[in-house]
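User: Hi! Could you walk me through how to read a few features of a structure?

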Amino acid sequence: MSIPKRLKNAPLIEAIWQMQFNVPGAGDILAGQLYKALQVSHPHLRHTPLPTANIPPIVADMDPNLRFAPKIRLEDPDSSFLWQIGNRIVTVNCRVPYAGWRRFKEEIVQTIGFVRDSGLIQTTERHSLRYIDLITLEPAPDLSSLQLSIKMGKFEIGKNQLQMRVELSDDGIGHVVQIATPAKVGPIGGQREGTIIDLESYTPQEKNWEAMATEIERLHDRSKAFFFEQILTPQAIERMEPEY
């Protein structure tokens, strides 16, 4: 099938590039260096400690839920972008309105360069692209827009509340798919309800800087293909008004 270039009625909530590393103590220093470097292109950047900033690194390392939790947020109020840094993680987040892949990739590549030039980290344990979408074509909970069929005994699970996570291997690319329905997003009073599709695509091998920078386009292409070919039904894609 042909993969759309974009959807007029795009369900995207947020796109995230994430890099994990294993250098104790690097996160705190890196947050300061990134803040200074990013201010050149984002002069109104804001530095905000997150609640996890008060958790000692030794405690966070013992808890798998906190090990890769961000501690600092760098946010540009004039754009869709923000950055998050933790003891073992750096992210670049693009919220709605989505700036488009070309612009998002520019920020990712620039951030990779800043982290590399810091000299704090030599290689990464993992890097990934993650796209979070809210499907609202049918009243939730409803899985009819997805290529997903689940049955427990005699019970068909098509319009039941659901939370699931599955990891799939796709010719050298790993995909982590999380689905939650019903789910609400947005501020109180303006929330939208639907089905959350959280797709993270990654390569499992440790990467050096050159390999990571050149691999980003491949991750994007494979993630996009997986979303349109393996997750959404053709009928759902048509209702979102695809542009080819």
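Analyst: Gladly! Helices (H or I, at least four residues) and strands (E, at least two) are DSSP runs, numbered from the N terminus. Here, helix α3 is followed by Gly119, whose phi is positive, near 75°. The model is predicted: local features need pLDDT of at least 70, side-chain atom pairs count only at pLDDT 80 or more, and totals for chains, interfaces and linings use all residues. Residues are numbered from 1 along each chain as its sequence is written, and side-chain values use heavy atoms, with hydrogens and water left out.

User: How far apart are the end C-alpha atoms of α3, and what span should its 18 residues have?

Analyst: The expected span is 1.5 Å times one less than the number of residues. For α3 (residues 101–118) that gives 26 Å, and the end C-alpha atoms are 26 Å apart, so the two agree.

User: Which residues of α3 are buried?

Analyst: Buried means under 20% relative accessible area, exposed over 50%, and partly exposed in between (1.4 Å probe, protein chains only). In α3 the buried residues include Trp101, Phe104, Ile108 and Val115. The buried residues of α3 pack against elements including α1 (26–38), β7 (126–135) and α4 (209–231), where contact means heavy atoms within 4.5 Å.

User: Is Asp198 buried or exposed?

Analyst: Asp198, in strand β12 (residues 192–203), counts as buried because its relative accessibility is 7%. Leaving aside neighbours within four places in sequence, Asp198 is in contact with Arg130, Tyr131, Ile132, Val176, Val177 and Gln178.

User: And Ile58: buried or exposed?

Analyst: Ile58 lies in helix α2 (residues 57–62) and counts as exposed, because its relative accessibility is 63%.
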